[in-house]
Amino acid sequence: MIGYALRRLLQAIPTLFVVVTLSFFLIRLAPGGPFDLERPLPPAAMENLKRLYGLDQPLIVQYGRYLLSLAKGDLGPSFSFRDLTVNDLFARGLPVSATLGSLALGLALLLGLGLGTLAAFRRGKMTDRLVGIGASLGLAVPTFVTAPLLQIVFGLGLAWLPVGDWDGGSPTHLVLPVITLALPQIAAIARLTRSALNEVLAQPHIRTLRAMGLPPWRVALQALRGALLPVLSTLGPVAAALLTGSVIVETIFGLPGIGRYFVDGALNRDYTLVMGTVVLVAVMVVAFNLIADLLAAVVDPRLRLGA
Amino acid sequence: MFHVEHPGPMSAPARATSLAALARRRLVRNRPAFAALVMLVAVALACLIGPLLTGHTPERIYPDLVRTAPGLAAHPRPETVRPAIDRLAFRMRLAVADFSERDGTVRLTLTSDKRIDERSLSYLPRSDLFGPPTILERAEDGRRLVVEVRIQQLHFLLGTDVLGRDLLTRCLVAGRISLLIGLTATLVALLVGVTYGAVSGMLGGAVDALMMRVVDILYALPFVFFVIVLLVFFRAGLWLVLVAVAAVEWLDMARIVRTQTLSLKSRDFVRAAQALGLTTPAILSRHIVPNTLGPIVVAATLLVPRVILLESFLSFLGLGVQEPATSWGVLIAEGSRALESAPWMLAAPAGFLVVSLVSLNLLGDGLADALDPRLDG
């Protein structure tokens with residue numbers, strides 16, 4: 001198992017390398033530069049700025065330098081947030097995004113698995129239909145509709161919860177963003193769990209367990225183990241996306257996470273910030289896919305042979 | 001596994017039901033899926049021909065009817081006619097000496113100290129609230145005019161936006177763009193994904209490994225990245241969104257088709273085709289791809305709502321469809337900015353979007369069940 005994990009990590013290095021290379025040159029191909037202002041800088045100042053950030057060097061030299069500093073874990077200085085490095089920005093924003101994301105992921109797993117199981121065991125009954133309708137709605141209503149709705153209802157109408165702002169991560173400020181983030185994932189997980197469980201419940205070994213007179217919750221646990229696999233396989237990218245922040249949710253609720261950096265960085269030609277975000281997201285995707293696969297091997301012993 | 005009467009030695013040959021007919025029958029019997037199909041056709045038809053029937057063009061601005069709430073009533077409302085006339089008279093620098101309203105027309109007596117310039121009456125039709133004026137009577141050397149104007153009967157079923165444009169017409173026109181992007185991007189993703197997946201699975205070995213590596217790398221690239229890079233290269237707009245969305249969404253399709261191809265290619269009928277000397281492209285197009293159609297159709301149906309959602313996400317960020325073209329995402333973005341003063345501006349496009357997406361998802365699920373050969377007919 002450790003060997004398998006190590007091999008997967010080694011495999012990830014070329015993937016990450018290609019992602020970094022591709023993004024580096026793509027973003028540089030785009031017209032415009034990080035110091036283009038509405039009123040152009042004097043040429044001498046522009047020269048100095050470029051020299052300061054090493055942008056006067058040939059592109060291939062810049063690329064080599066970037067790879068070297070990246071290998072040391074240095075993501076470089078930000079161009080649009082002066083005096084801050086990309087590492088600084090992530091150190092500030094990542095805890096916010098990761099807190100929201102992990103809470104949303106936890107909530108989504110809890111409710112998604114729960115509701116999906118409930119629906120599968122009440123197949124064709126009212127509960128099943130309600131979960132089905134709720135899940136299709138949850139998948140269809142985009143976050144940029146739920147977020148303002150939640151703000152209007154719970155923030156302004158009922159005045160139970162604050163409309164936005166981070167406020168040092170106080171629990172009341174977390175509720176609405178976490179719900180917004182979690183809703184579509186709850187729906188997706190519930191649907192997957194339901195269909196996977198339905199498949200498992202029809203299998204002979206479950207029939208045997210039922211015939212042996214096991215209480216329904218024991219049967220559910222057994223069946224859930226088999227049904228977890230398809231859920232796990234989709235969870236990697238979802239977890240990565242949740243933990244690296246959502247542009248929409250962070251904008252609407254005014255949260256200082258890292259979700260906005262990518263869009264802002266690209267629009268401002270903040271090369272290092274964009275590259276940093278790309279690297280971070282790529283690492284997260286690779287890492288969570290690996291975790292999901294390892295968990296799958298824990299759940300299903302058959303997968304260990306293939307390792 | 002459909003039930004077939006065991007044929008006796010003399011009985012007529014049992015009529016086999018084709019998979020397509022079977023699937024169609026199952027789909028019609030699946031009430032939510034069938035309702036979803038009907039709903040989708042209704043939305044699509046409404047978007048296609050609806051804008052011609054609403055009586056407004058999507059760009060028409062009614063400056064006097066900004067943020068009109070949705071409703072069946074005709075505008076201008078009766079109680080607003082007098083204030084509107086007063087406002088217009090003030091602009092025309094005339095005094096309203098007499099005002100009477102009957103059968104949807106207003107009869108005005110306008111006075112002034114000087115001779116009235118009749119061209120100033122064009123303020124009346126220009127306000128969108130009234131029709132062209134007819135002068136019934138000129139008196140006192142043209143210092144007194146009796147004028148009759150028709151009150152317009154404008155209907156805004158879903159209200160108007162902050163600029164005073166009819167929201168229903170805008171939603172329907174936006175729907176054309178959203179649905180168009182959904183269908184086209186799905187089609188492109190389908191073509192690329194199916195070809196890529198089938199070729200990768202069929203060739204196998206090192207080529208397959210390399211091709212799947214490319215897919216893995218593309219999965220690890222953040223999606224917004226692509227779009228923003230494309231956005232700065234070309235001008236943001238419809239085509240850009242199409243390309244960007246398709247470029248991301250073909251990956252899933254490629255994986256599905258590859259898995260199917262891998263399991264199909266060791267089947268006997270494929271081996272037979274190979275033994276008969278068919279070329280690989282011929283085997284792919286005649287034997288592999290047709291056999292993967294079921295999962296492809298389902299995946300494509302479920303892809304359309306995802307594409308529409310992605311497009312609206314991009315448009316919400318201002319990276320997608322640009323003015324004057326509009327999509328549900330653009331309208332939702334406008335609506336969420338005006339949420340407190342005009343909540344229907346969010347509700348209307350969001351309603352259209354959600355209904356379409358739910359229908360597409362239900363239809364996709366229904367198709368998946370209908371095409372599942374394990375289920376009974």
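**Tour of chains A and B**

Select α11 (residues 259–267) and α12 (residues 271–299) of chain A: their axes come within 8 Å and cross at roughly 145°. Axes are lines fitted to C-alpha atoms, for helices over the stretch in contact, with angles from 0 to 180 degrees between N-to-C directions. Helices are DSSP runs (H or I, at least four residues), numbered from the N terminus. Show A:Y261, A:F262, A:G265 and A:A266 of α11(A) with A:L273, A:V274 and A:T277 of α12(A); these make the contact (C-beta atoms, placed from the backbone, within 7 Å). By class, five are nonpolar, two polar and none charged. Here Ala, Val, Leu, Ile, Met, Phe, Trp, Tyr, Cys and Pro count as nonpolar, Asp, Glu, Lys and Arg as charged, and the others, Gly among them, as polar.

This is a predicted model: local features need pLDDT of at least 70, side-chain atom pairs pLDDT 80 or more, while totals for chains, interfaces and linings use all residues. Residues are numbered from 1 along each chain as its sequence is written, with chains lettered from A and ligands numbered from 1 in the order written.

Now the contact between the chains: 28 residues come from chain B and 30 from chain A. On the chain B side, α13(B) gives the most, with seven residues.

How values were computed: Contact = placed C-beta atoms within 7 Å. Helix = DSSP H or I, 4+ residues; strand = E, 2+ residues; numbered from the N terminus.
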